[in-house]
Amino acid sequence: MTQFQSYEENVEVSGEAVLAFVNGMGGLKNKALEILLENGITNLEKGNWYSQQAWLNAFKKIADDVGPFTLYCIGARIPVDAQFPPDIISLETAFSSINTAYYMNHRGGKIGNYTFQKFQDGSFHFICDNPYPCEFDRGIIESIGRRFIPEGRYLTCKHDDSAPCRNKGDGSCTYHVEIT
């Protein structure tokens with residue numbers, strides 16, 4: 001499945017996650033609200049649920065009109081605004097919480113996954129098989145990772161261009177995360 005297309009018609013996303021869309025737009029919050037409204041998302045509030053497809057349509061509009069960096073910024077807001085498990089105490093638990101949080105913020109059908117693996121060298125490998133844009137996922141991974149890396153360390157997250165990519169019509173994207 002490619003990006004911007006919900007796997008199932010009845011899937012919904014939490015208001016907390018949709019608020020990250022607005023907050024990730026920074027100075028363009030009014031534009032974000034306008035785009036959401038154009039796609040049928042009204043009365044935006046925490047605790048409410050909204051059509052995932054409508055939200056994905058809003059992402060497509062941002063991708064076409066504003067660009068990938070804004071998608072990244074929206075993703076970076078997800079760990080701040082969306083629901084996450086409360087027991088995150090380390091980088092590894094932070095990364096494993098992404099998939100849990102994804103399921104906390106979606107309901108109503110198949111949504112895909114965020115799968116990660118830790119290697120002996122301390123690096124991580126993520127496969128994101130979901131309908132969201134590549135840069136949005138990179139924003140989520142980097143944001144949650146940077147909150148939990150040990151002091152004095154640096155995190156890099158790179159899209160694996162040799163692996164399948166949703167920008168190319170594939171069903172997933174792969175990212176490599178290194179801590180130096």
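This briefing describes the sheet, the helices packed on it and the nonpolar core of a predicted model. Four strands make up an open, antiparallel sheet, and helices α5 and α6 both pack on that sheet. The largest nonpolar core comprises 51 residues.

**Sheet**
- The strand order is β4-β5-β7-β6, with antiparallel pairing.
- From one strand to the next, the twist averages 20°.
- Strand β6 is joined to the antiparallel strand β7 (residues 173–179) by five bridges.
- Across this pair, K158 stands opposite H176 in β7.

**Helices on the sheet**
- Helix α5 (residues 91–104) touches β4, β5 (124–129), β6 and β7 as it packs on the sheet, and its direction makes about 165° with that of β4.
- Helix α6 (residues 134–148) also packs on the sheet, with contacts to β4, β5, β6 and β7; the direction of α6 makes about 165° with that of β6.

**E142 in helix α6**
- E142 lies in helix α6 and has a relative accessibility of 5%, so it counts as buried, the cut-off being under 20%.
- Leaving out residues up to four places away in sequence, E142 touches Y72, L155 and C157.

**Nonpolar core**
- Within the largest nonpolar core, F21, W55 and F95 touch the most other members.
- Beyond its neighbours within four places in sequence, W55 is in contact with V13, A17, V18, F21, L36, I41, I78, H106, Y132 and F136.

Conventions:
Residues numbered from 1 in each chain as written. Predicted model: local features only at pLDDT ≥ 70, side-chain atom pairs only at ≥ 80, totals over all residues. Heavy atoms only, no water. Core = buried A, V, L, I, M, F, W, Y, C linked by side-chain atoms within 4.5 Å. Buried < 20%, exposed > 50% of the residue type's maximum accessible area, 1.4 Å probe, protein only. Contact = heavy atoms within 4.5 Å. Pairing = 2+ DSSP bridges. Helix = DSSP H or I, 4+ residues; strand = E, 2+ residues; numbered from the N terminus. Axes fitted to C-alpha atoms, helices over the stretch in contact; angles between N-to-C directions.
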